[in-house]
Amino acid sequence: MKRRDLIKSLGVAAGTIALSSVAEASIAAPIKKKALKIAHITDVHIRPEHNAVARFKKCLEMIKKDKVDLILNGGDSIYAADYDNITKDRVEQQWACWNESVQVVKGIPMHHVLGNHDMWRQGKDDELGGKAGVLKMLQMEHNYYSFDKNGWHFIMLDSNHPTNPGMLDDQQWNWFVQDVQKNSQDKPTLIMSHYPLLSCTGIVDNKPDFRGPFKVSGSYNHLDIMKFIEVFNKNKNIKLCLSGHIHLLDKVWYNDVAYLCNGATSGFWWEPGDDGKSAYKQTVPGYSLLNLYADGSFEHEYIKYEAV
């Protein structure tokens, strides 16, 4: 064979191998169908101090530019209504800050859960008191509920048990089990709670020189997590559990379910933090951006909006 013919034949062979490799790669990695792009904000703790409103508006402006289909708010929307010295004027002041801020994303659907600091506990006989007051301010019909969107099922839980924070009462638990059985059999499902269902933050949220054994309270892990795991083991469409409360960022993967504790939009409650700016421990203010796919998979990224 002549040298020119040999080179030509080798070139054809190489091209065939390359095209074959491309074809195999295409078969092996089909393009996933994106169902939803969502933003998860949590622990906003909005208040008039520390320029919090302007800073939260910057966060929401970035979310707006992200062109999300949905915003999930993980609770503790306002700084604090639960302390003994909180007056009605202070509660109204904080909600006014919230209402002003969220005008930035008016038109984007937003779904909420209740945080432990949202309830004005001193206003028991007032329209703004207790859970009813939070429902009124966030225009929610119920403190726990579910909905469907673009092929995914969403379950919004209320972790604020009247005597044991970080668990569901019997009535809500029975509703949850029935909802999963009815609505999650053929749809990937996302669950959001304020308190984490499962998190490693109960170990790391200690002093640097702390040694075990570690005792983890319901503030860090749901007290009824074993019941949840039993339900999840029977329904493999439960894909993702979102939470906040701890102001720390972690991801736990257990039995094919992802548990994301997604930091805090307010960081160190908008105050100068552990980094001299506004971080709580190593977690800076942020929100999570998630892509949900039709096959039940997802991608997520924590957006450090004040670092931009």
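Predicted model: local features only at pLDDT ≥ 70, side-chain atom pairs only at ≥ 80, totals over all residues.
Local features need pLDDT of at least 70 and side-chain atom pairs count only at pLDDT 80 or more, while totals for chains, interfaces and linings use all residues. Residues are numbered from 1 along each chain as its sequence is written, and side-chain values use heavy atoms, with hydrogens and water left out.

**View 1. Helices α5 and α7 side by side.** Here α5 (residues 170–183) and α7 (residues 225–234) have axes that come within 11 Å and cross at roughly 15 degrees. That makes α5 and α7 roughly parallel to each other (angles under 35 degrees count as such). Look for Trp173, Phe176, Val177 and Val180 on α5, meeting Lys227, Phe228, Val231 and Phe232 on α7; contact means heavy atoms within 4.5 Å.

**View 2. Phe176 meets Phe228.** The whole structure holds 12 aromatic pairs, where rings of Phe, Tyr and Trp (its six-membered ring) pair if their centres lie within 6.5 Å. In this one, the ring centres of Phe176 and Phe228 sit 5.0 Å apart with the planes at 55 degrees, so the pair is tilted (planes under 30 degrees apart count as stacked, over 60 as edge-to-face and the rest as tilted). Phe176 belongs to α5 and Phe228 to α7, 52 residues apart. Phe176 counts as buried at 0% relative accessibility, and Phe228 counts as buried at 0% too; buried means under 20% relative accessible area, with a 1.4 Å probe and protein chains only.

**View 3. An aromatic cluster.** Zoom out to find Trp173, Phe176, Phe228, Phe232 and Tyr259, which form one aromatic cluster.

Notes. Axes fitted to C-alpha atoms, helices over the stretch in contact; angles between N-to-C directions. Helix = DSSP H or I, 4+ residues; strand = E, 2+ residues; numbered from the N terminus. Parallel < 35°, antiparallel > 145°, perpendicular 65-115°, else oblique. Buried < 20%, exposed > 50% of the residue type's maximum accessible area, 1.4 Å probe, protein only.
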